[in-house]
Amino acid sequence: MTIEDILKAAPVMPVIVIEDLTHAVPLAKALVAGGLRVLEVTLRTPVAIDAVRSIAESVPDAIVGVGTLTHSEQFAKVIDAGAKFAVSPGLTPALAKASAQYDLPFLPGVFTPGEAMQARDAGFNHLKLFPAKQAGGIGMLKAMASPFPELTFCPTGGISAESFRDYLALPNVACVGGSWVAPSTLMRGGDWDGITELAREACR
Ligand code: 3PG
């Protein structure tokens with residue numbers, strides 16, 4: 001699968017923070033049941049890598065990847081855990097080199113036109129706009145369309161159940177990322193049906 005295939009597989013990419021490893025598989029199953037197959041598990045908690053491994057082993061319909069990948073040394077570890085793709089809030093020369101070396105579909109983040117040009121020149125036409133709301137949101141994405149017709153974005157950061165459809169309506173947006181479909185309150189309460197319902201709503 002290419003990063004393009006992955007971004008087209010679902011309209012919303014849940015940005016997941018797993019604090020408790022026992023939440024990983026039921027959360028993934030709940031999201032997949034609601035139609036969201038592409039899951040970004042952020043590398044922000046001690047159990048994140050084990051969460052990716054559990055989901056990769058136990059939820060075959062999920063396309064599980066990692067987010068918050070900021071060091072090139074992380075590539076080998078996440079591939080070993082079964083990650084199918086990686087997302088970063090930014091791009092460095094070391095990350096660009098590692099993504100090519102490991103052949104892992106990679107979605108680097110950008111915030112400015114200059115960063116978008118650097119990413120494009122490094123070979124990336126699919127970019128995360130991060131943090132999307134703070135970067136200018138819908139207006140920024142519209143403004144990026146004319147100078148950069150070759151670029152497609154996955155805006156993430158500050159997107160909500162109320163705003164995500166406006167982003168998806170833009171021709172240069174492939175999908176959006178957001179944590180609203182995997183809220184920690186529902187995870188802590190074990191409300192997996194509630195999470196499936198949030199996922200369904202995001203697919204409607
Ligand atoms: C993040 O880094 O946590 C993501 O960008 C998600 O942002 P959100 O919580 O605003 O959806």
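The report below takes the pockets and then the cysteines.

This is a predicted model, in which local features need pLDDT of at least 70 and side-chain atom pairs count only at pLDDT 80 or more, while totals for chains, interfaces and linings use all residues. Residues are numbered from 1 along each chain as its sequence is written, and side-chain values use heavy atoms, with hydrogens and water left out.

A pocket is an open set of points on a 1 Å grid over the protein atoms alone, where a 1.4 Å probe fits, with protein on both sides within 12 Å along at least five of seven lines, and its lining residues have an atom within 4 Å of a point. A volume is the space filled by probe spheres set on the points.

| Largest | about 180 Å³ | 5 nonpolar, 7 polar and 2 charged residues |

The largest pocket is lined by 14 residues, of which V15, R44, F130, T156 and G157 are the closest to its centre. The lining of the second largest pocket includes T2, I3, D103 and F124.

With a disulfide taken as a pair of cysteine sulfur atoms within 2.5 Å, the count is 0. The closest cysteine sulfur to that of C175 belongs to C154 and, at 3.7 Å, is too far for a bond. C203 is likewise in no disulfide, the nearest cysteine sulfur, that of C175, being 12 Å away.

Technical notes: Nonpolar A, V, L, I, M, F, W, Y, C, P; charged D, E, K, R; others polar.
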